[in-house]
Amino acid sequence: MACASGTCASGCSKVNAQSSTVDLPGPKSTNLTCLKCKVNTTIASGGGGGIGDSLRFCYSCFRSNLYGKFRFAVTANAMISPEDNVLVAFSGGPSSRVALQFVHELQERSLKNFEACRDRSLPVFGVGVAFIDESAIQQASSYDFDKAVEEMKLVVSNLSPPVKKFHVCPTDSIYSLDSNDGREKLNELISSITDVTGKEDLMEHLRMLSLQKIALDHKYTKIILGTCTSRIACRVLEATVKGQGYSLSADIQYVDARWETPVVLPLRDCLQQELSLLCSLDSLKTMEVFNGLRSGINGLITTFVKLLQEENPSRESTIVRTAGKLTPFHFNKLPEDDNSVSILASRRRQKKYNLQQNEAIPLNTFCSVCNSPLKETDTKTSESNGNGQISRSVLAASCASCQFQILPKEGTLLENFCSLLPPPVTERGKACDHNKLLQMREQIQDCLLSDTDDET
Amino acid sequence: MECSVKSRVKVCSICNHKRAALKRPKTLQQICRECFYDVFEEEIHRVIVDNQLFRPGERIGIGASGGKDSTVLAYVMSELNRRHNYGLDLFLLSVDEGITGYRDDSLETVKRNEVQYGIPLKVVSYKELYGWTMDEIVKVIGLKNNCTFCGVFRRQALDRGAALLKVDKLVTGHNADDIAETVLLNILRGDIARLSRCTSIITGEDGPIPRCKPFKYTYEKEIQFTYAYFKKLDYFSTECLYSPNAYRGFAREFIKDLERLRPRAILDIIKSGEDFRISTSTKMPEQGNCERCGYISSQKWCKACVLLKGLNRGLPKLGIGRSRGLNTVSENGSKDTTKSNGVQSIESKQCGSLDF
Ligand SMILES: [Zn+2]
Ligand SMILES: [Zn+2]
Ligand SMILES: [Zn+2]
Ligand SMILES: [Zn+2]
Ligand SMILES: [Zn+2]
């Protein structure tokens, strides 16, 4: 039926029409025994839902498989070291709920190890939880906001010992504390974006800035996101469709250390479906405070990926695997801290999964709006638009996608827009990576002409 | 981008003079007919010049199926060659698969193009190259696997025809939508090697005859609807008789939806395809030559020869399906096997579509 290897009509598209698909025993298999342990009955046979994993595994194999993926991601990438104080971003949805659960279980185990170990050499990492209150810029769903936050508090307090701090932080806190018009500015900023996709993307970025601020204020050393395979698959297509092919590989790795506080994705290999199933099996309470509906281009992609996933249950994984073959950036790796004993210990476990890093660290410039790495040839933007200092520097250092879907085209509107940007964005240009600037200056020192040479 | 409700006539936003006759699909600019032809053709000219697709004195074969893309391509190539003195010798190259009724009509279209544009036409047929017409193949193998044949045979037939014409390059009518779709499909399939090459405007420079795509940035809508409609170009709708799935695939539908929401998305996908950070070590398998016919092949025998051998021996299933049936184990330990069904529905151009 399908053109197994023909190059008929569309040249390159046609060849190799076969996709790599995971050949999982489908629903047709009447086998009620778990495929892994071959002892217990499957989840579905007990009436626990009838899709995907529930048809193949018993509860305990399913759970240990899922936890195993989390644990592998954490150890292979040395995501958490004993002296870390990690911040788990919790939206109330199933993915971040599972992330929180697993991080807690990991912490519990290392606490047990710590207590069992006589010399108590390795401390137990700390865990905090953050919920970003976006009610300033997003419609809360029908779910009662205050009630949801109360429930979250309860979830977090039940996950102890060890005790975890819970931060509820409004998005407008990214504006400095002494200006009490943060919320207004934020509102005006968001509503000045006409493109719905651009609006949504900026909000997502502001969420990250909020998390970064909490981490900075409360001395967290890592931020843990519940981003799963399904979400990353969408992200891959979103970036592709928005012309961000160059920066895409920065966003989809286990580690993203371009931020002041590195961000890690331990659920990168877990499917949305699996995470939701675990939540229902373990009765992990979730509360969708903001409706997670995506709009515009992002919404279209969510629908498309859902369709593809229905057509082939391994599609999301294949998409992520493709993007995983793209070359990551130097910051997709945790900065090495040579004084730390524990890092050395965890490095042993990193084995080959570590990114090879022989060449000198390349210098990247980042989009002033979305912080994605810029391709050198794309940074030569016109300097004509906008009169003000800030708007000019924002425009000159923004990616083509942000220029199209976020920044206003017209000069005075752009000026106004830039005046509304929160300090973390406007300061990025100046202070973001001071070291890098110094480093660059050093490297180009010998090529620079002094002012006196200039006239000759 | 809502049009303001005004009763007065819209004026072309390029010449500011004539009445705007269309909203340009690529930019949504409202322009007049003449300006549309101008920008359409000049854009293609720029693509040709900027990418140095041709050199003066070269012999160029135009893959001509009689379909819209290749008909417009033949027209634009002859027009630009004359207007900008490319100094090219142009040839139309068609493949006659031997599908009674259907192909006859589309070949008639190509023959009229030959006269209209004054470009000599060469037709190579499956019958003369392989000893079999498509009709005969279908009689033996049924409708099920014929795509394998028409794909493999057509690609080779084009190369052989090009060799007979002694052309330096082949140009094909692949448009921006086709390329955007290919980028997406390669992502969906995990084919990183093809992903790294599929946006190249020139391919096969290591092969016998390089192929290039002057329509790489040209929107299908502009080719298909507006252009062919306004210029009344003579083209033939190439919906294949033997194509078992003549419907549009998911990916194409998706691209059309995207285009509706944001016309520049098609160009953005192509840009992404060009910009992906792919290490140069992801190469295609070594190409050798077929021991039987000399055509480029990574195996001992080329695909066409394997298929022919099967046909001639009365074992038509030989060579159909996967040649590299390697099972690979992915990171999470799940076994990757290949299955060929379920994939077709994501792509649009089935083999049966006879447009190049
Ligand atoms: Zn089991
Ligand atoms: Zn940006
Ligand atoms: Zn005009
Ligand atoms: Zn076919
Ligand atoms: Zn051969």
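In what order do the six strands of the open sheet in chain B stand? The order is β5-β4-β3-β6-β8-β7, and the pairing among these strands of chain B is mixed. This is a predicted model, in which local features need pLDDT of at least 70 and side-chain atom pairs count only at pLDDT 80 or more, while totals for chains, interfaces and linings use all residues. Residues are numbered from 1 along each chain as its sequence is written, chains are lettered from A and ligands numbered from 1 in the order in which they are written, and side-chain values use heavy atoms, with hydrogens and water left out.

Strands of a sheet pair through backbone hydrogen bonds, either parallel or antiparallel. Here two strands pair if DSSP finds at least two bridges between them, and the elements themselves are DSSP runs numbered from the N terminus, helices being H or I with at least four residues and strands being E with at least two. In the sheet of chain B, the edge strands are β5 (121-125) and β7 (202-203), each of which pairs on one side only. Strand β6 (residues 169-171) of chain B runs parallel to strand β8 (residues 211-212) of chain B and is joined to it by two bridges, with Leu170(B) having Arg211(B) as its bridge partner in β8(B).

Chain A also holds an open sheet of six strands with mixed pairing, in the order β4-β3-β2-β5-β7-β6. Its edge strands are β4 (165-170) and β6 (255-256) of chain A, and each pairs on one side only. Six bridges join strand β3 (residues 126-133) of chain A to β4(A), and these two strands run parallel; Ala130(A) stands opposite His167(A) in β4(A).

Cys34(A) lies in the loop between β1 (19-22) and α1 of chain A and Cys61(A) in helix α1 of chain A, so the pair ties together parts that are 27 residues apart in sequence. Cys34(A) counts as buried at 1% relative accessibility, and Cys61(A) counts as buried at 10%, where buried means under 20% relative accessible area, exposed over 50% and partly exposed in between (1.4 Å probe, protein chains only).

In chain B, the zinc ion (ligand 3) has the SG atoms of Cys12(B), Cys15(B), Cys32(B) and Cys35(B) as its protein donors, at 2.2 to 2.3 Å. The arrangement around the zinc ion (ligand 3) is tetrahedral because its four donor atoms subtend angles of 100 to 118 degrees, and the spacing of these donors along the chain is C-x2-C-x16-C-x2-C. Cys12(B) counts as buried at 0% relative accessibility, whereas Cys15(B) is partly exposed, with a relative accessible area of 30%.

A pair of aromatic rings is described by the distance of the centres and the angle of the planes. Rings of Phe, Tyr and Trp (its six-membered ring) pair if their centres lie within 6.5 Å, and planes under 30 degrees apart count as stacked, over 60 as edge-to-face and the rest as tilted; by this rule the count comes to 17 aromatic pairs over all chains. One of them is the edge-to-face pair of Tyr67(A) and Phe102(A), with 5.0 Å centre to centre and 90 degrees between the planes. Tyr67(A) lies in helix α1 (residues 59-76) of chain A and Phe102(A) in helix α2 (residues 94-116) of chain A, so the pair ties together parts that are 35 residues apart in sequence. Both Tyr67(A) and Phe102(A) are buried.

Phe102(A) is also among the residues in contact (heavy atoms within 4.5 Å) with Leu267(A), including Phe70(A) and Val98(A), when neighbours within four places in sequence are left aside. Leu267(A) lies in the loop between β7 (263-264) and α8 of chain A and is buried, with a relative accessible area of 0%.

Definitions and conventions
Donors = N, O, S within 2.8 Å, 3.2 Å for Na, K, Ca; no water. Tetrahedral: all angles 85-135°; square planar, octahedral: opposite > 155°, others 65-115°.
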